[in-house]
Amino acid sequence: VLGSAVHGAAGWFFSERLEGREPTMEDAESVLRADLCAEIVEQDIRWKETTPEELEADSLRYLRAYLTAHASLPVVGVEQAFQVPLVDPATGEVLGRPLKGFFDFVLEDRVVELKTAAKSWSEFELARQLQIGAYNFATTSSSTDESIVEVHVIVKLKREPRVETFVVSRSQSDLRWWLRAAAEIEAAIAARHFPPSPSPYLCRDCEFEGACRKLGLEDRPLIRPSLPVLRTAADAVSPSF
């Protein structure tokens, strides 16, 4: 609920800018409150120790932190739909139905994915994030071998949240791991088999982690960090099931 409300308010802010208007922080906060109210009414929420008032306060802090850091982001598209064929660029083999999705924000030279998180992301998580890999695949073509996805993670802290920025760069050859995973998932769906969703946490303890690293891809730094400083040795991991 929090993530949806923050996404909605931030998206509204940049949509207003694209229409030539000058939205304020207070305007965006009003949109967030309205979205949050709608989300709470429409969903059966397990509140645990959190109250609606605390959720609203947290959501507002997330939004303020993000717009304080990125209000001037040169966005040219918001919630932009995409559809690309799931085709192996090396062999031309069609591996399933077209990949459909939405980019949070589109810039002239990259797309931006906005995330809210309870803790900082690590290079392990970024290198194996199927969603980020999908965006890299969707923005890589035969004419542009390299794809850049900028990931903005709003991290909850004890006091004020922090916005961390990661730049994930991958080429067609680097996306081999993602294409294999997508093909396996598509085949499983077609056969009506639904295995557990792969995650960085499963990979970390998986007995096949070493084998995944030996798929034949070159080890190279694929994540170029902005904040915090971060380097990764490999992106050559096919998620295990």
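Visitor: Which residue in S3 is the bridge partner of Phe 105?

Guide: In this predicted model, Phe 105 has Val 112 of S3 as its bridge partner. That bridge belongs to the pairing of strand S2 (residues 99-106) with S3, which run antiparallel and are joined by two bridges. Between S2 and S3 there are four residues, and the two strands form a hairpin.

Visitor: Which residue in S4 is the bridge partner of Val 112?

Guide: Val 112 has Glu 150 as its bridge partner in S4. Here the sense of pairing is parallel, with seven bridges between S3 and strand S4, which spans residues 146-155.

Visitor: How many of the seven residues of strand S3 are buried?

Guide: A general idea comes before the case: in a regular strand, side chains alternate between the two faces of the sheet. As for strand S3 (residues 111-117), six of its seven residues are buried, and the strand is thus described as mostly covered.

Visitor: Turning to a single side chain, is Arg 170 buried or exposed?

Guide: A residue is called buried when its relative accessible area is under 20%. Arg 170, which lies in strand S5 (residues 162-171), counts as buried because its relative accessible area is 1%.

Visitor: Which side chain is joined to that of Arg 170 by a polar contact of 3.0 Å?

Guide: The side chain of Asn 136 makes that polar contact of 3.0 Å with the side chain of Arg 170.

Notes. Residues are numbered from 1 along each chain as its sequence is written. This is a predicted model: local features need pLDDT of at least 70, side-chain atom pairs count only at pLDDT 80 or more; totals for chains, interfaces and linings use all residues. Side-chain values use heavy atoms; hydrogens and water are left out. Buried means under 20% relative accessible area, exposed over 50%, partly exposed in between (1.4 Å probe, protein chains only). A polar contact is a pair of N or O atoms within 3.5 Å; within protein, one must be able to donate a hydrogen and the other to accept it, and residues adjacent in sequence count only if both atoms are side-chain atoms. Two strands pair if DSSP finds at least two bridges between them.
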